[in-house]
Amino acid sequence: MKQEFMGYKRPNGSVGIRNYLAVIPSVFCANTTVGKIAAQVEGAVALPHAVGCAQVGFDLELTARTLKSMACHPNVGAVIVVGLGCERFNPQELYDAVKENGKPVALFVIQDEGGTTATIRKAVDKAREFKAILDQDRRTPCPLSSLMMGTKCGGTDATSGLAANPAVGNAADRIVAAGGSAILSELNELLGTEDFLARRAVSPQVADKIYSAIYEIEDVLRSGLDPTLPENRNHLISRGNFDGGVSSIVEKALGGVHKSGTSPIVDVIEYAVPPDPSLKGLFLMNYESHDGEVVTGMIGCGAQLVAFTTGRGNPTGHPVAPVIKITGNEKTWRSMEENFDFNASGIISQGRSVEETGEELLELILRIAGGEETTAEKIGGTELFCVGRRHGYHRKSREELWAGHSCPS
Amino acid sequence: MLRKSLMINPMDSVVMVLEDAKKGDSVVTPKGTVTLVEDVEFAHKASISDMKKGQPVIKYGEEIGYLLKDVSAGSWIHVHNMGCDRGKI
């Protein structure tokens, strides 16, 4: 199989698989304005969100780094930043980050421009100018080693762990073997697999980081539980997971971990912070598992596309990166085929091998990297763009996090 | 009626039933044929032997929880009879 795809080579050496004009608000107060700007410019994507003000500390830092990572992402060719003017996250910080990244960028502040209508008019003019520049860009052959794939489950049932996740894991192994990268995250759904993951670390230092990351997520979750509330408020897995035959968080974790394949874990990376470009391979991203927040964080780490497994079925998409929907459930495939890109159920129903299914999936990944639309892109799904949050939790030292856990051998 | 099932790891104490199955249906496992004592939906788990309260439930070769009550072979294993303490307060 030819291990390359047609992508956009960026001046800083990164490779994009889409060439979006992104219109990004620095604060939720600018969401309507942003939506109206993007609607008037063909091929523009709006990134509305719920944050940018009344936040402090790590929570505000997550907002800042997420918005900057979307704007600086290789799938984005040019950026319009829209601020309100009084928000906590300064739109100038977002503008400066994109400027440094070396792509066309413009900033419009609603309170300075004279209101919504004037802002839209000026921003649309600028956006059309940028669009004409982007239309000159051409795809060129790019090696598989320039690809980073996020891996995610959503709407998991018991077939995910048997078919869809192993198929994604096999494709991830193929990308890593070719010199590319993949990301595993959703650490709250990996509780109970830390020994297994730490054994795959490239060094004792990385193993240590894996334990700390999982213990931290467990601590974060525990800090949010409330025994005075009804029991279903404290469940870590959803009703759909239970209905699909998954009975515990550990059972879900053991099925979920397969989507990372078998490659060594080269590092634990932070939410929406790309690793050093010289480091390639399988990464663990330190974050819990809200579908949108995790997918956005992985894209923020540089993933140009995401492999998303779902046994129950899931129609969601992301404005910055293609999200490939893969199911291992033949019944779900038949009942909502318009929402799926890949059927891995042959592993269960026809005894097909994980290897041949993974190879077929990689072929699809390369076609999508080269511009073929995913089902979510055709539908126009963008709801997976969600900015990671963590409020009311103070990050703890290694000693505090490890206390209460039996020391790994 | 014979229903398809899958044991993921030879150490497992449960099989995954690969089609909607009814009480009285049989599943063939590497440890012998088991008759289901209740309905088991597609992708849900069934026990392959009699097990006691407190015994671990093994799937993927790992402990995914423990039994909250005694079960006989061919029982549906799910949240009503399996507990797991991980991730709780």
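Which element gives the most to the lining of the largest cavity? In this predicted model, that element is H10(A), with 4 residues. Helix H10, which spans 249-256 of chain A, and helix H6, which spans 158-177 of chain A, are the elements that give two or more residues to this lining. The cavity itself has a volume of about 60 Å³, and its lining includes A:Asn165, A:Val246, A:Glu251 and A:Lys252 from chain A, together with B:Lys59 and B:Tyr60 from chain B. By class, the lining is made up of 3 nonpolar, 5 polar and 4 charged residues.

Two of these lining residues, B:Lys59 and A:Glu251, also meet through their side chains in a salt bridge, with 2.7 Å from N to O. Between chain B and chain A the count is 3 salt bridges, and 10 residue pairs are in polar contact, both residues being at pLDDT 80 or more. On the side of chain B that touches chain A, strand E8 (residues 62-67) gives the most, with 3 residues, while that side as a whole divides into 13 nonpolar, 3 polar and 9 charged residues. The contact draws 25 residues from chain B and 31 residues from chain A, and the two chains bury about 2,200 Å² between them, of which 63% lies on carbon and sulfur atoms.

How values were computed: Residues are numbered from 1 along each chain as its sequence is written. Chains are lettered from A and ligands numbered from 1 in the order in which they are written. This is a predicted model: local features need pLDDT of at least 70, side-chain atom pairs count only at pLDDT 80 or more; totals for chains, interfaces and linings use all residues. Side-chain values use heavy atoms; hydrogens and water are left out. Contact means heavy atoms within 4.5 Å. Buried area is the accessible area (1.4 Å probe) that two parts lose on being put together, summed over both. A salt bridge is a side-chain nitrogen of Lys or Arg within 4 Å of a carboxyl oxygen of Asp or Glu. A polar contact is a pair of N or O atoms within 3.5 Å; within protein, one must be able to donate a hydrogen and the other to accept it, and residues adjacent in sequence count only if both atoms are side-chain atoms. Ala, Val, Leu, Ile, Met, Phe, Trp, Tyr, Cys and Pro count as nonpolar, Asp, Glu, Lys and Arg as charged, and the others, Gly among them, as polar. On a 1 Å grid over the protein atoms alone, a cavity is a set of points where a 1.4 Å probe fits but cannot get out, and a pocket is an open set with protein on both sides within 12 Å along at least five of seven lines; lining residues have an atom within 4 Å of a point. Grid points are joined across faces, edges and corners, and a volume is the space filled by probe spheres set on the points.
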